[in-house]
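This report is meant to be read with the sequence and the coordinates side by side.

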Amino acid sequence: MKAKQLLVLLFITIIISACSSNKEQSTMEHAPNGDLWETTASRDELPTFLNEYSENIQIIYQAAGKSMELLQWIPCYCGCGDHAGHRSSLNCFVKQVNQNGSVVWDDHGTRCNVCLEIAAEAIEMKQDGKTVKEIRQYIDEKYKEGYANPTDTPMPL
């Protein structure tokens, strides 16, 4: 009898825990190139795949989520345009933002120092008052030699 009561109690605890969670469940899938995509409710909710990475990487992802309007104009020079179909530095961190505000994060940036460096530099320059065009010119000049071809990123307006 005690085993049955324990089982019922465990079942009730699981149900209550699941029902009381305020966070939406994230979903994960693998991209054709092997990157991991994880969807969260908004740009304010970081993907769980970051839990195993350093605080510095988590900070850059958080900043990238808040700097989408900037990073969409900044190319990446790691080669991800060719092998992952990325169109800008933003795609190293965020695949897309859905109409409902949910964000599909890309784990590509967790494995690439070039991606992390470009995003961090661009965000810092923006915080220092540089325009998007000035940042773009700086990144293009700095990474034009010794790096892979840039993503096919349009010039800022």
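This is a predicted model: local features need pLDDT of at least 70, side-chain atom pairs count only at pLDDT 80 or more; totals for chains, interfaces and linings use all residues.

## The four-stranded sheet

Four strands make up an open sheet in the order β1-β2-β4-β3, and their pairing is antiparallel. The edges are formed by β1 and by β3 (94–97), each of which pairs on one side only, and from one strand to the next the twist averages 20 degrees.

Within this sheet, β1 and β2 run antiparallel and are joined by four bridges, and His-30 is found opposite Leu-36 in β2. The hairpin that these two strands form has five residues between the strands, and among them Gly-34 adopts a positive phi near 100 degrees. Gly-34, which lies in the loop between β1 and β2, is partly exposed, its relative accessible area being 43%. Although Gly-34 and Asp-107 are 73 residues apart along the chain, their C-alpha atoms are separated by 9.6 Å, and Asp-107 returns below as a member of a salt-bridge network.

## Helix α5 and its surroundings

Helix α5 contains 15 residues and spans 21 Å from its first C-alpha to its last, which is close to the 21 Å expected at 1.5 Å a residue. Its buried residues are Val-114, Cys-115, Leu-116, Ile-118, Ala-119, Glu-121, Ala-122, Ile-123 and Met-125, and these buried residues pack against α2 (55–66), α3 (68–71) and α6. After the helix comes Gly-129, which has a positive phi near 95 degrees.

## Salt bridges around Arg-111

The model has nine salt bridges by the rule applied here, and a network of them links Asp-35, Asp-107 and Arg-111. In one of its pairs, Arg-111 bridges to Asp-35 with the closest N and O atoms 2.5 Å apart. In another pair, Asp-107 forms a salt bridge with Arg-111, and here the closest N and O atoms are 2.8 Å apart.

Arg-111, by contrast, is partly exposed, with a relative accessible area of 48%.

## Cysteines without disulfides

How many disulfides does a search of the whole structure find? It finds zero, and the distances between sulfur atoms show why for two of the cysteines. A disulfide requires a pair of cysteine sulfur atoms within 2.5 Å. For Cys-92, the closest cysteine sulfur is that of Cys-115, and the two atoms are 3.4 Å apart, which is too far for a bond. For Cys-112, the closest cysteine sulfur again belongs to Cys-115, at 3.2 Å, and this too is too far for a bond.

The surroundings of these cysteines can be described in terms of accessibility. Cys-92 counts as buried at 0% relative accessibility, and Cys-112 is buried as well, with a relative accessible area of 12%. Cys-115, whose sulfur is the closest cysteine sulfur to that of Cys-92 and to that of Cys-112, is one of the buried residues of α5.

Technical notes
Residues are numbered from 1 along each chain as its sequence is written. Side-chain values use heavy atoms; hydrogens and water are left out. Buried means under 20% relative accessible area, exposed over 50%, partly exposed in between (1.4 Å probe, protein chains only). A salt bridge is a side-chain nitrogen of Lys or Arg within 4 Å of a carboxyl oxygen of Asp or Glu. Two strands pair if DSSP finds at least two bridges between them. Axes are lines fitted to C-alpha atoms, for helices over the stretch in contact, and angles run from 0 to 180 degrees between N-to-C directions. The expected span of a helix is 1.5 Å times one less than its number of residues. Contact means heavy atoms within 4.5 Å.
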